[in-house]
Amino acid sequence: MNWLSDFTPPGIKKIFRQREGDGDQLWSRCPACGEMIFKKDLEAAQHVCPHCDHHMRIGPKERLDALFDNGTWVKQDTPDVHDDPLKFKDTKKYADRLKEYRRKTGEKDAMVIGKGQIDGLGVVAAVQNFAFMGGSMGMALGEGIVRAAEIAIADRSPLVVFAASGGARMQEGILSLMQMPRTTIAVQMLRDEGLPYIVVLTDPTTGGVTASYAMLGDVHLAEPGALIGFAGPRVIEQTIREKLPDGFQRAEYLLDKGMVDQVVHRHEMRMTLSNLLRVLMKFEGSAASTIVLPDHSDEESDDVLEAEVVVSEELPKAAE
Ligand SMILES: [Zn+2]
């Protein structure tokens, strides 16, 4: 509010608010380059800016729709946990915060588990929703990871986790920190069964999540520009009183330092995971055969199809 808006009569304020609202429904502004993007175009591009390639944060539904064959997947139940065990209250009651985020996202907590196929191979995927209290790791999320591992083991499927989190959920105190060993055990369960566990690090992956299951993958993929670290850069700068190098804690920096195996564009994520899982699962049919048949008629993911076609041209068409 500036001095001018203080003098504006409420009726006129309302008109302007409505106009802004209408615009919001049709257009989005890229937070990186500031360009206005038609929302339908942005959705078709999986929320990657067509001007500067900035990867915006997306929710579990968009993520799973783009990942699985024909956008078809089955949502898996996550275990119920005790809400607000500490009766925690900061500026607001934790119970009220939970209610608010449940209403906003339509989800129980910050993790959604989906089961489906990627080029015919059964895969379990767990996605953290940054829009639900910053994707924070509380009991529900810990149970979610354990549950996802159990489903993967029962199905003899690989598990892919899309991490996005501000860290542990402080409203659950020590109970949230206990999810670090719990989720570590879940990863170990998969390892004992010889099933692949892939982590896709998305913007941002920080705190207790980075310090547990997000850094325990057999393979670590990351989206371009994603912030990945334990403490944020500002906290580190204040502690060590030094200027941090450019791009510090970004996906590309971590790739250079060996913390990440590959930085993968969102449009190529499905194909990369498909190839990787096929090799790790020794799935029938060569990788080439899966890439040559990009007939999953996803109208929305034209860009993915293009990417797949480009690669397939370089490969022998052995499987046709
Ligand atoms: Zn942009």
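Two strands are taken to pair if DSSP finds at least two bridges between them. Keep in mind that the model is predicted.

**Strand E5 and its neighbours**

By that rule E4 and E5 pair, with 8 bridges joining them, and they run antiparallel. The two strands form a hairpin that leaves 2 residues between them. In the turn, Asp-119 has a positive phi of about 50 degrees. As for facing residues, Ile-118 stands opposite Leu-121 in E5.

E5 also pairs with strand E6 (residues 159-165), this time through 4 bridges and in a parallel arrangement. Here Ala-125 stands opposite Val-160 in E6. To get from E5 to E6 the chain passes through helix H6 (residues 139-155), making a right-handed β-α-β crossover.

Is strand E5 enclosed by the rest of the structure or open? Of the 8 residues in E5 (residues 121-128), 7 are buried, so the strand is largely enclosed by the rest of the structure. Buried here means under 20% relative accessible area.

**The second largest pocket**

E4 also takes part in a pocket. Strand E3 (73-76), helix H5 (94-105) and strand E4 (111-118) each supply at least two residues of the lining of the second largest pocket. The lining has 19 residues, and Thr-78, Pro-79, Asp-80, Lys-108 and Asp-109 lie nearest the pocket's centre.

**The cavities**

Rolling a probe the size of a water molecule over the atoms shows where empty space is left. In this model, 3 cavities of 30 Å³ or more are counted.

The largest cavity is lined by 11 residues, with Gln-46, Arg-63, Ala-66, Arg-266 and Met-269 nearest its centre. Helix H4 (60-67) and helix H12 (266-281) are the elements that give two or more residues to this lining. Which element gives the largest share of the lining of the largest cavity? H4 does, with 4 residues.

Around the second largest cavity, the lining includes His-55, Met-56, Gln-128, Phe-130, Asp-203 and Glu-223. Arg-63 and Arg-266 are also among the residues that line the second largest cavity, and both lie among those nearest the centre of the largest cavity.

| Space | Volume | Lining by class |
|---|---|---|
| Second largest pocket | about 240 Å³ | 7 nonpolar, 3 polar, 9 charged residues |
| Largest cavity | about 80 Å³ | 6 nonpolar, 1 polar, 4 charged residues |
| Second largest cavity | about 60 Å³ | 4 nonpolar, 3 polar, 5 charged residues |

Conventions. Residues are numbered from 1 along each chain as its sequence is written. This is a predicted model: local features need pLDDT of at least 70, side-chain atom pairs count only at pLDDT 80 or more; totals for chains, interfaces and linings use all residues. Side-chain values use heavy atoms; hydrogens and water are left out. On a 1 Å grid over the protein atoms alone, a cavity is a set of points where a 1.4 Å probe fits but cannot get out, and a pocket is an open set with protein on both sides within 12 Å along at least five of seven lines; lining residues have an atom within 4 Å of a point. Grid points are joined across faces, edges and corners, and a volume is the space filled by probe spheres set on the points. Ala, Val, Leu, Ile, Met, Phe, Trp, Tyr, Cys and Pro count as nonpolar, Asp, Glu, Lys and Arg as charged, and the others, Gly among them, as polar. Buried means under 20% relative accessible area, exposed over 50%, partly exposed in between (1.4 Å probe, protein chains only). A crossover is right-handed if, with the strands pointing away from the viewer, the path from the first strand over the helix to the second runs clockwise.
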